[in-house]
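Open the structure in your viewer and keep the selection tool ready. The tour goes stop by stop, with something to select at each one.

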Amino acid sequence: MGGTLGSGFLASLLQVDSTYPSGLRQNLSRWTQSHSKRIFDIACVLCCLPLALPILIATAIAIRLTSPGPALFRQRRVGCHHRAFTIYKFRTMPVPEEKALRSPLTTTANQTFTSIGPFLRRWKLDELPQILNVLLGDMSLVGPRPKLPRLHSGNLICRPGITGRATLVFAREEAALSAIPSSQVDLYYRDVVRPLKQQLDDTYMACATFASDLDLIFRSLFRRWDDSEVRALLPEPDPESVSA
């Protein structure tokens with residue numbers, strides 16, 4: 001019975017979405033839809049666990065010591081084929097005393113962070129608990145970012161990723177959106193930012209390879225990104241051009 005359970009757990013780890021409709025499959029690269037990508041994800045996470053575990057523990061302790069509340073932040077996101085799942089992050093904001101409405105678009109101007117929150121955001125340590133999502137099969141190491149239900153559009157036809165092409169281009173999205181007048185942020189995101197992210201995600205899903213995933217992981221780990229791409233892509237906000 002133990003062997004059967006072990007085999008079942010291994011099978012769940014290696015589960016691959018192999019039943020894409022023919023109309024969607026053609027928009028996925030061979031690597032994106034392969035069993036090899038899933039095996040690569042699991043192997044990378046398991047190999048990095050000895051290094052990641054002390055960082056996870058130290059970060060969790062630091063969060064608990066510097067602000068009241070849980071170390072982990074849980075949130076519902078939309079994954080492959082509209083499947084909802086719970087994403088795990090380290091908490092970077094104070095726990096509100098009351099459930100006040102908070103903008104889902106985080107900028108440096110509209111949110112309050114804990115004392116170590118900006119550090120965690122800057123070094124992307126708040127994303128580290130998502131390796132659990134990778135092991136659970138909700139996410140991949142590389143892919144489009146999973147969206148909030150209210151911001152989700154279209155159909156994500158592969159596992160969302162911890163990092164990806166759009167993630168790196170918009171790595172400093174909060175600072176970029178802070179330059180937008182608060183009254184325009186939601187519309188600017190809807191009309192300008194979200195279509196650009198979707199275009200980058202679509203290109204990734206159609207063209208991804210093992211080599212491109214390695215490159216994106218390398219650039220993410222060693223912070224090989226800057227503001228040049230996002231500045232080139234994002235036009236200056238114009239109150240008259242942002243549709244209502």
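## Stop 1: the two strands

This is a predicted model. Begin by selecting strand 1, residues 72-78, together with strand 2, residues 84-90; the two pair in the antiparallel sense over seven bridges. Now pick R77 and look across to strand 2, where its bridge partner is F85.

## Stop 2

Which helix holds L65? L65 lies in helix 3, which covers residues 35-66. Is L65 buried or exposed? Its relative accessible area is 72%, and the cut-off for exposed is over 50%, so L65 counts as exposed.

## Stop 3: aromatic rings

How many aromatic pairs does a search of the whole structure find? The search finds four. For one of them, select F40 and F210. The ring centres are 5.3 Å apart and the planes stand at 85°. An angle over 60 degrees counts as edge-to-face, so this pair is edge-to-face. The pair links distant parts of the chain, because F40 sits in helix 3 while F210 sits in helix 9 (residues 210-221), 170 residues apart.

Colour these two residues by accessibility. F40 has 15% relative accessibility and counts as buried, whereas F210, at 40%, counts as partly exposed.

Now move to F218 and F222. Their ring centres are 4.7 Å apart with the planes at 40°, so this pair is tilted. F218 is partly exposed, at 38% relative accessibility. F222 has a relative accessible area of 52% and is exposed.

## Stop 4: charges over rings

Select K197 and F170: K197 is over the face of F170, 5.4 Å from the ring centre. Then select R223 and W123. Here R223 lies over the face of W123, at 4.3 Å from the ring centre.

Methods: Residues numbered from 1 in each chain as written. Predicted model: local features only at pLDDT ≥ 70, side-chain atom pairs only at ≥ 80, totals over all residues. Heavy atoms only, no water. Helix = DSSP H or I, 4+ residues; strand = E, 2+ residues; numbered from the N terminus. Buried < 20%, exposed > 50% of the residue type's maximum accessible area, 1.4 Å probe, protein only. Pairing = 2+ DSSP bridges. Phe/Tyr/Trp six-rings, centres within 6.5 Å; stacked < 30°, edge-to-face > 60°. Lys NZ or Arg CZ within 6 Å of the ring centre and 35° of its normal.
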